[in-house]
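This report covers model confidence, the ligand shell, helix packing and backbone geometry, in that order. The structure is shown first.

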Amino acid sequence: MAVPISQAWTVASYVLKQKLAGRKRYPLVLMLEPLFRCNLACAGCGKIQYPAHILKTDLTPEECFRAVEECGTPMVSIPGGEPLLHPQMPEIVAGLVARKKYVYMCTNALLLKQKLHLFTPSKYLSFSVHLDGQREHHDLSVCREGGYDIAMEGVKAAVAAGFRVTTNTTLFDGADPNSVRAHFDDLMAAGVESMMVSPGYTYEKAPDQNHFLGKARSRRMFRAILSNRKKNWQFNTHPLFSEFLMGKQNFECTPWGMPTYSIFGWQKPCYLLQDGYADTFQELLDSVEWENYGAKSGNPKCANCMVHSGHEASAVDYNFSSLKGFWETAKRYIFPSLYEDAEAQKLLNEWPKTQRGPLVQIATPVAGTKQEAAELQEVARD
Ligand code: SF4
């Protein structure tokens, strides 16, 4: 089972309640960003490009709890920045667990092993470890040699200590589907509960803008990766979202499904774009002109987007909107043979081996004056 039954039940009953209440726009997962500081400087991200005074600012536990209560979702994802750099992260996580929220604390796991003792295993808590592929690919993706080995040590330590551990893998142009499939084997062998894979965000602040996947390339790559699945692979994304990535389903974006809250407030309209901020979740719902977003809107910023935070909630909503949606979803669990695809196997067999340049290590942090950088490095070491 990709998630505990209690979690599946909580989420299903929450969504049904929203449907019965006739709520057209409801949130599913809160993306809570309590800080932007990080101990990596990945080429496909850009959070650490904020000025130093922003990087040094954290949401307090009280601010986090207020946002969680305001939004009301059963699941809270904590991306960042690197959450383990937040000095009060154990308090924030404990507070969310006490509120019976299913928490996915996203981490690059560089500090996971050494900070594990600050957390308590719970069915409500999962460490979602960022691992972009096998050793060479991950190190290249996060611009840090040795990053993969440290993260895998963290994964194994957390699994051994009885924590739920999941992974998230972000793919960019140049990813090798055969290697990604071998990566899935490695992760399941390491004892992770389930995995998530999605295409890289076209994030405006990312230093490397040349390797985000277009839609056609994404679909081809995800079809090669996610067809003909091994029996032991477990994914924690909705099966119809996987099919959307493979080009077998078409969903419009529901950006309100996974709203983002950070030190700036409620981000308009989604995790990727920054078209302003709202002070309250209700203000976010009321003030965004939602028809201006998503592929159908013609907004060029949305044209290539297949991102999880915009489209998985669409798949979940479809699942609960009709008997057809329910059956479409159930079939994916009952008949694994639906993923058999001879064409996809051919794609895999013929996929060219990726040629890579040398790893370029980007120094952290990338912001501010020399003195600010020194201060931030000190914070990151804590
Ligand atoms: S399509 Fe992507 S960029 Fe556009 S609103 Fe949705 S999640 Fe944001």
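## Confidence

The chain has a mean pLDDT of 89, and 88% of its residues reach 70 or more; pLDDT is the predictor's confidence in each residue, from 0 to 100. This is a predicted model, in which local features need pLDDT of at least 70 and side-chain atom pairs count only at pLDDT 80 or more, while totals for chains, interfaces and linings use all residues. Residues are numbered from 1 along each chain as its sequence is written.

Over residues 358-370 pLDDT stays under 50. The model has 37 contacts beyond four places in sequence for residues 358-370, a contact being two residues whose C-beta atoms, placed from the backbone, lie within 7 Å. Where pLDDT is low, the predicted coordinates should not be read in detail.

## Ligand shell

The ligand is surrounded by 14 residues, and the closest are C253, C270, C302, C305 and G310.

By class, the shell has 10 nonpolar, three polar and one charged residues. Ala, Val, Leu, Ile, Met, Phe, Trp, Tyr, Cys and Pro count as nonpolar, Asp, Glu, Lys and Arg as charged, and the others, Gly among them, as polar.

## Helix packing

Two packed helices are described by the angle between their axes and the distance between the axes. Axes are lines fitted to C-alpha atoms, for helices over the stretch in contact, and angles run from 0 to 180 degrees between N-to-C directions. Helices (H or I, at least four residues) and strands (E, at least two) are DSSP runs, numbered from the N terminus.

Helix α3 (residues 61-71) and helix α4 (residues 89-98) cross at roughly 30°, and their axes come within 9 Å. That angle makes α3 roughly parallel to α4, where under 35 degrees counts as roughly parallel, over 145 as roughly antiparallel, 65 to 115 as roughly perpendicular and the rest as oblique. The crossing of α3 and α4 is right-handed, meaning that the near helix is turned clockwise from the far one by less than a right angle. P61, C64, F65 and V68 in α3 meet E91, I92, G95 and L96 in α4. This contact of α3 with α4 comprises six nonpolar, one polar and one charged residues.

Helix α9 (residues 215-226) packs against helix α8 (residues 177-189) at about 45°, with the axes 9 Å apart. α8 is therefore oblique to α9, and their crossing is right-handed. From α8, P177, V180 and R181 meet M221, A224 and I225 of α9; the residues in this contact are five nonpolar, no polar and one charged. α9 also packs with helix α14 (residues 342-350), at about 100° and with the axes 8 Å apart. α9 is therefore roughly perpendicular to α14. Here R220, R223 and A224 in α9 meet A344, L347 and L348 in α14, a contact of four nonpolar, no polar and two charged residues.

## Backbone geometry

Most residues other than glycine have a negative phi, and most peptide bonds are trans. K100, which is not a glycine, has a positive phi of about 60°. K100 is placed in the loop between α4 and β3 (102-107).

The peptide bond from K268 to P269 is cis, with omega near -10°. P269 belongs to strand β8 (residues 265-269).

Definitions and conventions. Near = placed C-beta within 6 Å.
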